[in-house]
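Trainee: I would like a close look at a single part of this model. Please take it slowly and connect it to what surrounds it.

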Amino acid sequence: MAEVILPDGFLIGASTSAHQTEGGNVNSTWWMFEHRPGTPIAESSGDAADSWHRWPDDLDLVAEVGLNAYRFSIEWARIEPARDEISHAAVLHYGRIIDGARERGIEPIVTLHHFTEPRWFWEAGGWAAADAAERFARYVAALTPILQPVRWIVTINEPNMAAMMGRVSRRASSEDRAEEAKRDVPGAPLPAPDRPTAAGLTAAHRAAREVLGELVPSALTGWSIANQVVQAVPGGEEAAARFTEVIEDELLRESVGDDFVGVQSYTRTVFGPSGPVRDDPEETRTLMGWEYWPDALEQAVRHTHDVVGPMAILVTENGIATGDDTRRIAYTSSALAGLGRAMADGIDVRGYLHWSLLDNYEWGSYRPTFGLASWDPETFDRSPKPSANWLGGIAKGRRLPS
Ligand code: BGC
């Protein structure tokens with residue numbers, strides 16, 4: 001296949017999220033879950049990569065290796081540590097990151113919610129509370145002064161995974177839980193997203209879009225969906241179709257009408273006659289235990305396009321947890337080749353953001369390393385891996401691997 005030459009303005013960069021990199025997010029739900037007596041969570045996020053202080057180093061890293069975009073998230077629990085108490089200092093902190101990106105020639109892609117909320121919000125009923133969307137919209141409105149220079153805003157990261165986590169974190173009666181469990185696909189690797197949580201997130205997304213449409217009219221807004229790339233071998237077709245519907249398509253369809261949709265993809269799930277099947281040898285799996293399957297990105301982009309129709313797609317996450325950086329380059333190179341094939345077929349892809357810029361807190365553990373760069377746990381000094389320069393080279397050369 002011919003090499004894909006990237007159009008002007010195509011973004012090639014890296015992603016992070018606040019709770020996974022900032023450290024010390026003591027007012028967030030996740031910090032609370034990490035520190036509960038008897039928590040099943042193995043490790044606390046602690047200082048993470050100290051990006052709360054080290055954000056200029058993160059931006060320097062992005063610029064130095066030649067990437068042109070950086071996706072990061074704003075922590076609601078820092079902006080509104082107590083109900084109706086906005087920290088203007090925290091708002092300005094994130095404003096400095098946005099300006100700092102622009103000063104370095106980096107396109108900032110800002111996520112407003114990445115899996116964590118303020119504790120007070122959870123205590124008041126979380127996403128299932130009647131005023132959840134309104135609370136989120138007020139938080140978003142408080143950010144609008146600093147969002148003016150931002151072109152790409154992801155309102156909510158992976159609402160489908162956030163709603164799935166809602167199955168555990170939502171305070172629900174046992175009848176309610178039993179009702180939700182009826183939607184699970186037998187044997188599926190993930191439970192179905194919690195409907196009250198999903199409804200709250202969808203309403204919050206719409207409310208945020210309304211606020212942003214009015215107060216930051218130059219921004220493109222959308223959300224990002226986790227793609228499981230569900231496939232079937234003979235006998236698994238029905239389960240695969242049901243799982244695709246509950247785990248992603250229900251919320252993917254809600255993207256129609258947005259300015260873009262974010263695609264996030266890592267691996268695939270294959271169903272056989274009695275549940276998921278896999279024959280990848282254990283030693284070839286990633287540090288997440290996932291199948292090494294770089295074609296997932298191409299399939300995720302094609303599936304998204306099939307479900308939502310002709311709208312702009314931004315790859316907001318794709319990457320691999322590995323201690324072997326050569327493998328990261330090989331994985332990403334194949335994934336980008338697949339992305340090129342989808343683009344050559346006319347799918348409107350506007351950029352690729354690798355997960356992740358840094359090794360980071362993988363929701364319970366620091367063991368799975370997804371980063372283009374590592375950091376010293378005591379000095380927090382960043383060290384780019386060869387993959388960082390390799391991906392920067394693609395951004396500079398403006399050609400996808402074929
Ligand atoms: C999430 C990230 C996470 C990554 C790898 C995505 O689901 O948005 O926060 O670290 O996948 O598991």
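Which residue in E8 is the bridge partner of Ile 225?

Mentor: The bridge partner of Ile 225 in E8 is Val 263. Please keep in mind that this is a predicted model. The pair belongs to the parallel pairing of E6 with strand E8 (residues 260-265), which extends over four bridges.

Start with the strand that carries Ile 225. Strand E6 spans residues 220-227, and eight of its eight residues are buried. In a regular strand the side chains alternate between the two faces of the sheet. In E6, Thr 221, Trp 223, Ile 225 and Asn 227 point one way, while Leu 220, Gly 222, Ser 224 and Ala 226 point the other way. Both sets are buried.

E6 also pairs with strand E5 (residues 152-157), again in the parallel sense and over four bridges. Within that pairing, Trp 152 stands opposite Leu 220 of E6.

From E8 the pairing can be followed to another strand. E8 and E11 run parallel and are joined by five bridges; Gly 262 has Leu 314 as its bridge partner in E11. Strand E11 (residues 312-317) is largely enclosed by the rest of the structure, because six of its six residues are buried. E11 in turn runs parallel to strand E12 (residues 349-355), with three bridges joining them. There, Val 315 stands opposite Tyr 352 of E12.

Next, the packing around E6. Helix H8 (residues 159-169) has eight of its eleven residues buried, so this helix too is largely enclosed by the rest of the structure. Its buried residues are Pro 159, Asn 160, Met 161, Ala 162, Ala 163, Met 164, Gly 166 and Arg 167. They pack against E5 and E6, and also against helices H9 (174-181), H10 (195-215) and H11 (237-252).

Ile 225 has a further contact to note, with Ser 255. Ser 255 is found in the loop between H11 and E8. Its relative accessibility is 0%, so Ser 255 counts as buried. Leaving aside its neighbours within four places in sequence, Ser 255 is in contact with Trp 223 and Ile 225, along with Val 261, Val 308 and Met 311. Of these, Trp 223 and Ile 225 point one way from E6.

Val 308 leads on to helix H12 (residues 296-308). The axes of H12 and helix H13 (residues 325-344) come within 7 Å and cross at roughly 30°. That makes H12 roughly parallel to H13, and the crossing is right-handed. On the H12 side, the contact is made by Leu 297, Glu 298, Val 301 and Arg 302; H13 contributes Ala 335, Gly 338, Leu 339, Arg 341 and Ala 342. These residues divide into five nonpolar, one polar and three charged.

Finally, there is an open sheet of three strands in the order E7-E9-E10, with mixed pairing. Strand E7 (230-232) and strand E10 (275-276) are at the edges and have a single partner strand each, so one side of each is left without a neighbour in the sheet. E7 pairs with strand E9 (residues 269-272) in the parallel sense over three bridges, and Val 230 has Thr 269 as its bridge partner in E9. H11 packs on this sheet, touching E7 and E9, and its direction makes about 170° with that of E7.

Technical notes:
Residues are numbered from 1 along each chain as its sequence is written. This is a predicted model: local features need pLDDT of at least 70, side-chain atom pairs count only at pLDDT 80 or more; totals for chains, interfaces and linings use all residues. Side-chain values use heavy atoms; hydrogens and water are left out. Axes are lines fitted to C-alpha atoms, for helices over the stretch in contact, and angles run from 0 to 180 degrees between N-to-C directions. Helices (H or I, at least four residues) and strands (E, at least two) are DSSP runs, numbered from the N terminus. Angles under 35 degrees count as roughly parallel, over 145 as roughly antiparallel, 65 to 115 as roughly perpendicular and the rest as oblique. A crossing is left-handed if the near helix is turned anticlockwise from the far one by less than a right angle, and right-handed if clockwise. Contact means heavy atoms within 4.5 Å. Ala, Val, Leu, Ile, Met, Phe, Trp, Tyr, Cys and Pro count as nonpolar, Asp, Glu, Lys and Arg as charged, and the others, Gly among them, as polar. Buried means under 20% relative accessible area, exposed over 50%, partly exposed in between (1.4 Å probe, protein chains only). Two strands pair if DSSP finds at least two bridges between them.
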